[in-house]
Amino acid sequence: MPVVVMDFPPDAEAVAGVRELVCRLAEVDLDHPAVLVASELATNATIHAATPYRVAIETNDVIRIEVSDESPKPPALTPAPHRGWGLKIVDRLSAAWGASLFNGYWKVVWAEIPRSGEWPTFEYE
């Protein structure tokens, strides 16, 4: 399937639109791990970059989700007290994920999630 790209404003309500987009394009239910991963990446862009962001989705054997924003700050896997579990969730549910900085002023955080399989359960520290 070709890559589908959509822009979103930096507000919490837009994250629901990201979840709906993943469900529709990947043809998965709301409880699929790709939906949670996309939601976490979009939430991180909303909270930490506070800029409009772009979501790109490609669906094949894996579902690839990319979220780009205008912040040069790289994502941090270490959670802050009482929040910050998003990237730990992304790390657990994704077959692979990473981030790239472009031109020193914007970044792309991406994740690849298997279309099917068994996913881990979580125990929070």
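**Architecture and packing of the protein chain**

The protein chain exposes about 7,200 Å², of which carbon and sulfur atoms supply 53%; these accessible areas come from the Shrake-Rupley method with a 1.4 Å probe, and for residues only the protein chains shown count as cover. The model is predicted, so local features need pLDDT of at least 70 and side-chain atom pairs count only at pLDDT 80 or more, whereas totals for chains, interfaces and linings use all residues. Residues are numbered from 1 along each chain as its sequence is written, and side-chain values use heavy atoms, with hydrogens and water left out.

The secondary structure comprises 3 helices and 5 strands, arranged along the sequence as β-α-α-β-β-α-β-β. Helices (H or I, at least four residues) and strands (E, at least two) are DSSP runs, numbered from the N terminus. Of the 125 residues, 38% count as buried, a term that denotes under 20% relative accessible area, with exposed over 50% and partly exposed in between (1.4 Å probe, protein chains only). Contact means heavy atoms within 4.5 Å. Among contacts between residues at least 6 apart in sequence, 62% join residues at least 24 apart.

Strand 1 (residues 4–8) and strand 2 (residues 53–59) pair in the antiparallel sense over 5 bridges; two strands pair if DSSP finds at least two bridges between them. Strand 2 is also joined by 6 bridges to strand 3 (residues 62–69), again antiparallel, and these two strands form a hairpin with 2 residues between them. Ile 57 of strand 2 takes part on both sides: Val 4 is its bridge partner, and Ile 65 in strand 3 stands opposite Ile 57. Because 5 of its 7 residues are buried, strand 2 is largely enclosed by the rest of the structure.

The count of aromatic pairs comes to 1. Rings of Phe, Tyr and Trp (its six-membered ring) pair if their centres lie within 6.5 Å; planes under 30 degrees apart count as stacked, over 60 as edge-to-face and the rest as tilted. Phe 8 and Tyr 53 form a stacked pair, with 5.7 Å centre to centre and 20° between the planes. Phe 8 lies in strand 1 and Tyr 53 in strand 2, so the pair ties together parts that are 45 residues apart in sequence. Both residues are buried.

Helix 3 (residues 86–93) has Gly 86, Leu 87, Ile 89, Val 90 and Leu 93 buried. These residues lie on the same side of helix 3, because they cover an arc of only 155° around the axis; the arc is that of the directions from the helix axis to the C-beta atoms. Their cover includes helix 2 (33–49), strand 4 (96–102) and strand 5 (106–114).

Not counting residues up to four places away in sequence, Leu 87 touches Leu 41, Asn 44, Pro 75, Ala 76, Leu 77 and Trp 97. The C-alpha atoms of Leu 87 and Val 37 are separated by 8.5 Å, although these residues are 50 apart along the chain.

His 32 counts as buried at 8% relative accessibility. The side chain of His 32 reaches the backbone oxygen of Arg 115 at 2.8 Å.

Definitions and conventions
Polar contact = N/O pair within 3.5 Å; in protein donor to acceptor, adjacent residues only side chain to side chain.
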